[in-house]
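Biologist: I would like to learn how to read a few features in a model like this one. Could we go through them one by one?

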Amino acid sequence: MENLETVDSNQKKYCIYCGKEIPEGVKYCSNCGKPVDEDENIEYEENNKKTNGFAIAGFVLALASCCIDLLGINSILGIVFSAVGLGKTKDGREKGKGLAIAGLILAICEFIYRLSKVYELLDIL
């Protein structure tokens with residue numbers, strides 16, 4: 001944790017107990033009711049956030065599906081992992097929302113492309 005004096009004043013503050021944003025000058029968290037001590041019970045926006053693993057995995061799988069995709073499995077896994085990652089990053093406690101969205105878009109486009117190729121093959125036969 002950083003002291004309040006060393007933190008940029010425009011950074012958002014979050015309760016360490018529930019993760020909700022704390023408005024300026026509030027003595028108790030409006031979500032969980034815990035007291036907000038300016039020096040101890042506050043987390044700052046980007047200092048402690050980790051990137052969600054599902055979002056990373058979904059994006060990597062979506063990228064891999066562009067190169068090597070056996071029967072669309074990588075695309076499907078990319079869609080699933082990216083969707084889970086997006087759900088887990090919506091509350092703001094973890095980073096990776098952009099990765100999850102990019103993974104979803106890429107995996108869905110790749111899946112549609114692979115599906116169109118399968119239909120082309122079926123039409124030829």
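Modeller: Gladly! Side chains of opposite charge can pair when their charged atoms come close. A salt bridge here is a side-chain nitrogen of Lys or Arg within 4 Å of a carboxyl oxygen of Asp or Glu. Glu120 and Lys117 meet this rule, with 3.8 Å from N to O. This is a predicted model, in which local features need pLDDT of at least 70 and side-chain atom pairs pLDDT 80 or more, while totals for chains, interfaces and linings use all residues. Residues are numbered from 1 along each chain as its sequence is written, and side-chain values use heavy atoms, leaving out hydrogens and water.

Biologist: Where do Glu120 and Lys117 sit relative to each other in helix α3?

Modeller: They are three residues apart in that helix, so about one helical turn separates them. Helices are DSSP runs of H or I with at least four residues, strands are runs of E with at least two, and both are numbered from the N terminus.

Biologist: How many salt bridges does the structure hold?

Modeller: Two. Arg114 also bridges to Glu110, with the closest N and O atoms 2.8 Å apart. These residues are four apart in helix α3, again about one helical turn. Arg114 is partly exposed at 25%, whereas Glu110 is buried at 10%.

Biologist: And how do I read aromatic pairs?

Modeller: Rings of Phe, Tyr and Trp (its six-membered ring) pair if their centres lie within 6.5 Å; planes under 30 degrees apart are stacked, over 60 edge-to-face, and the rest tilted. That rule gives one aromatic pair here: Phe54 and Phe81, tilted, at 5.7 Å between centres and 35° between planes. Phe54 belongs to helix α1 (residues 53-67) and Phe81 to helix α2 (residues 73-89), so the pair ties together parts 27 residues apart in sequence. Phe54 is partly exposed, at 34% relative accessibility, and Phe81 is likewise partly exposed, at 27%.

Biologist: Which part of the structure holds Leu71?

Modeller: Leu71 is in the loop between α1 and α2, and is exposed, with a relative accessible area of 83%.

Methods. Buried < 20%, exposed > 50% of the residue type's maximum accessible area, 1.4 Å probe, protein only.
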